[in-house]
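Visitor: Could you walk me through this one, please?

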Amino acid sequence: MTSESAETLASGSTHRYPVAPGCELNVRSGPGTGYSIVDVLPLGATVPLNCQTSGTRVTGPYGTSNIWDNIGNGRFVADAYVKTGSDGYVAPRCG
């Protein structure tokens with residue numbers, strides 16, 4: 001894990017959401033699988049949701065969704081891998 005990842009995991013919103021158990025999650029530079037991977041979150045990571053936006057449809061442990069979660073400046077993860085307790089938006093829309 002990079003020091004930026006550690007800082008992102010240690011800071012952020014007051015509510016954090018767990019990444020699916022057993023998953024190392026790719027962090028991308030934008031809301032989709034066509035964007036470059038800028039980091040990989042370790043097993044057991046939690047993430048803040050700064051905002052959410054639509055992007056590439058992804059299937060993960062929590063279903064199939066086109067929602068992407070912004071977890072930091074230029075840092076997005078697929079919502080299908082984050083346990084938010086909802087199939088919809090739970091944070092403000094990015095924009």
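## A short tour

Guide: Among contacts in the protein (heavy atoms within 4.5 Å) between residues at least 6 apart in sequence, 49% join residues at least 24 apart. This is a predicted model, where local features need pLDDT of at least 70, side-chain atom pairs count only at pLDDT 80 or more, and totals for chains, interfaces and linings use all residues. Residues are numbered from 1 along each chain as its sequence is written, and side-chain values use heavy atoms, with hydrogens and water left out.

Visitor: What pattern does the protein follow along the sequence?

Guide: Helices (H or I, at least four residues) and strands (E, at least two) are DSSP runs, numbered from the N terminus. The protein has one helix and seven strands. Read along the sequence, that gives α-β-β-β-β-β-β-β.

Visitor: Is Ser65 buried or exposed?

Guide: Ser65 has its place in strand β6, residues 63-72. Buried means under 20% relative accessible area, exposed over 50%, and partly exposed in between (1.4 Å probe, protein chains only). Ser65 comes in at 11% relative accessibility, so Ser65 counts as buried.

Visitor: How many residues apart in sequence are the parts that the pair Arg75 and Asp39 ties together?

Guide: The structure holds one salt bridge, meaning a side-chain nitrogen of Lys or Arg within 4 Å of a carboxyl oxygen of Asp or Glu. Arg75 forms a salt bridge with Asp39, and their closest N and O atoms are 3.3 Å apart. Arg75 lies in strand β7 (residues 75-78) and Asp39 in strand β3 (residues 37-41), so the pair ties together parts whose separation in sequence is 36 residues.

Visitor: Which ring does the charged end of Arg93 sit over?

Guide: A charge sits over a ring if NZ of Lys or CZ of Arg is within 6 Å of the ring centre and within 35 degrees of the ring normal. The charged end of Arg93 is 3.7 Å from the centre of its ring, and that ring belongs to Tyr89.
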